[in-house]
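Trainee: I have a model open and a list of terms attached to it. Before I use any of them, I would like to go through the grounds for each.

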Amino acid sequence: MGDKLGEPSGALKILVYSDDHTVREQVKVALSGMISPDLPRAEVIETASKASVVDAASSGHYDVLIADGESTPYGGMGVCHELKDEVENCPPVVLLVARIADAWLASWSHADAIATHPVDPVSLPQTVASVIRASRSEAAQPAEQTA
């Protein structure tokens, strides 16, 4: 059984970072429950500050992080970049962007995927499921041997 810090359990652990409670709620509604028939049910854990998302990503096991690129004062792109550079075993990140033209910034931030802001309740679960499948596939690959 899991806990709020993201300890492993049967459910997918999805960490959401946004300073806007309405964005967190939209993500939670879109992702709570079953996001795909081939994956376990999802449990969404919300964070509203840079410190809380960094702490959670550093200390817990999450299957994916959804970061709001429009968050202030610390945007999801910068937070994603920092987490990917500094957190060992950082979960894959789906970055919410207001404009598809911001995809290049998502690339700079090392995000694994982008989704539109405002949240699309149909495409977000599909994107998250795809990122989780890709992450699990990579984790299942045998590590390369070094001499």
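Mentor: We will take the terms one at a time and set each value against its cut-off.

Trainee: What kind of model is this, and which local features count in it?

Mentor: It is a predicted model, in which local features need pLDDT of at least 70 and side-chain atom pairs count only at pLDDT 80 or more, while totals for chains, interfaces and linings use all residues. Residues are numbered from 1 along each chain as its sequence is written, and side-chain values use heavy atoms, with hydrogens and water left out.

Trainee: How many helices and strands does the protein have, and in what order do they run?

Mentor: There are five helices and five strands. From the N terminus on, the elements run β-α-β-α-β-α-β-α-β-α. The elements are DSSP runs numbered from the N terminus: a helix is H or I with at least four residues, a strand is E with at least two.

Trainee: How do you know that the span of α5 agrees with its number of residues?

Mentor: The expected span is 1.5 Å times one less than the number of residues. Helix α5 covers residues 123-140, which is 18 residues, so the span should be 26 Å; the end C-alpha atoms are 26 Å apart, and the two agree.

Trainee: Which residues of α5 are buried, and what covers them?

Mentor: L124, P125, T127, V128, A129, V131 and I132 are buried in α5. The elements covering them include the strands β1 (12-17), β3 (64-68), β4 (93-97) and β5 (113-116), along with helix α1 (21-31). Buried means under 20% relative accessible area, exposed means over 50%, and partly exposed lies in between (1.4 Å probe, protein chains only). In the protein, buried residues make up 43% of the 147 residues.

Trainee: Why are α2 and α3 called roughly parallel?

Mentor: Helix α2 (residues 50-59) and helix α3 (residues 76-86) pack at an angle of about 30°, with axes 11 Å apart. Axes are lines fitted to C-alpha atoms, for helices over the stretch in contact, and angles run from 0 to 180 degrees between N-to-C directions. Under 35 degrees counts as roughly parallel, over 145 as roughly antiparallel, 65 to 115 as roughly perpendicular, and the rest as oblique. The pair α2 and α3 is therefore roughly parallel.

Trainee: Which residues meet where α2 packs on α3?

Mentor: From α2, K50, V53, V54 and A57 meet V79, E82 and L83 of α3. By class, that contact has five nonpolar, no polar and two charged residues. Ala, Val, Leu, Ile, Met, Phe, Trp, Tyr, Cys and Pro count as nonpolar, Asp, Glu, Lys and Arg as charged, and the others, Gly among them, as polar.

Trainee: What makes V53 a buried residue, and what is it in contact with?

Mentor: V53 has a relative accessible area of 0%, so V53 is buried. Leaving aside neighbours within four places in sequence, V53 is in contact (heavy atoms within 4.5 Å) with L15, Y17, T47, L65 and V79. V53 and Y17 are 36 residues apart along the chain, yet their C-alpha atoms are separated by 6.3 Å.

Trainee: Is S109 buried or exposed?

Mentor: S109 sits in the loop between α4 (103-108) and β5. The relative accessible area of S109 is 0%, so S109 is buried. Beyond neighbours within four places in sequence, S109 is in contact with M77, C80, H81, K84 and L95.

Trainee: What is the phi of H110, and how is H110 classed by accessibility?

Mentor: H110 lies in the loop between α4 and β5, and its phi is near 70°, a positive value in a residue other than glycine. At 37% relative accessibility, H110 therefore counts as partly exposed.

Trainee: What makes N89 exposed, and what is its phi?

Mentor: N89 has a relative accessible area of 69%, so N89 is exposed. Its place is the loop between α3 and β4, and its phi is near 60°, again positive in a residue other than glycine. Most residues other than glycine have a negative phi, and most peptide bonds are trans.

Trainee: Which peptide bonds are cis here?

Mentor: Among them are the bond from T72 to P73, with omega near 0°, and the bond from H117 to P118, with omega near 10°. P73 is in the loop between β3 and α3, and P118 is in the loop between β5 and α5.
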